Amino acid sequence: MKYKTDLDVKKALGIDSFRNLSKENVMKFAAMMPDMDREVALKIIEQFPEFKAFALDAVGVMEKMQENALASNSESQAHVHQALADVRASLKGQLDDSELTWEQKKEILDLIMETARLESAKDSENKQFLKDVTKYAIGAVAGAIALGVVYVGGRFGIEQFSGKDDEEA
C-alpha cells in the first residue's frame, strides 16, 4: 500500500482537511483509492460527508460532456448530409443538359451513386461514434461511483468472504 495513513493521502493531494476537498481532488482521491489501506479509505470517506454529492457531480459532468459531444456530432452530421444533398442536386441539374453524351451522363450518375456511398459510410461512422460515446460515458460514470464506494466496500466484502486480510492481499 502506497498510502498507509490519511496524512499520506492529504499530503499527496496537497490539502489540510478532507472537508475542503475540491472536485478536482475528489477525482484524484478516487484514483488513489486502490493504493490505500482499506481502513484509511473508509476513514477518509467518513471525514468527507459530501463524497456522494461530489460523485453525483462527476456523473453530471460526464453527462454534460456526452450531451455536448452528441450535439456537436449531430450538427456535423447535418452539415455532411446537407453538403452531399447539395452535390447530388447539382449533379442532377447537369443531367438535364441535352448536349451530354451517354458516357458523360453515366459519369454523373456514378458520381451521384458515390455521394450515396459516402453518406452511407458517414452514417455507419456516426453510429460507431454514438456507440463509443455511450460506452465511454457508461464506463466513466460507473468508474466515478464504483471507484469511490464499491472498491472500498467491495474489497472489504471480498476479503471478509474469502477470509483474507490486507497482508495477504
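Predicted model: local features only at pLDDT ≥ 70, side-chain atom pairs only at ≥ 80, totals over all residues.
Is G14 buried or exposed?

**View 1. G14 in a loop between two helices.** The residue G14 lies in the loop that joins α1 (6–13) and α2 (23–32). G14 has a relative accessible area of 65%. Exposed means over 50%, so G14 is exposed.

**View 2. G14 and N25.** These two residues are 11 residues apart along the chain.

**View 3. E63 in helix α4.** Helix α4 covers residues 51–95, and E63 is one of its residues. The relative accessibility of E63 is 43%. This value falls between the cut-offs of 20% for buried and 50% for exposed, so E63 counts as partly exposed.

**View 4. E63 and T134.** Along the sequence, E63 and T134 are 71 residues apart.

**View 5. The whole protein.** The protein has five helices and zero strands. Read from the N terminus, the order of elements is α-α-α-α-α. Of the 169 residues, 27% are buried. Among contacts with a separation of 6 or more, 66% are between residues 24 or more positions apart. The accessible surface is about 11,200 Å², and carbon and sulfur atoms account for 58% of this surface.

Notes
Residues numbered from 1 in each chain as written. Heavy atoms only, no water. Helix = DSSP H or I, 4+ residues; strand = E, 2+ residues; numbered from the N terminus. Buried < 20%, exposed > 50% of the residue type's maximum accessible area, 1.4 Å probe, protein only. Contact = heavy atoms within 4.5 Å. Areas by Shrake-Rupley, 256 points an atom, 1.4 Å probe, with all protein chains shown as cover.
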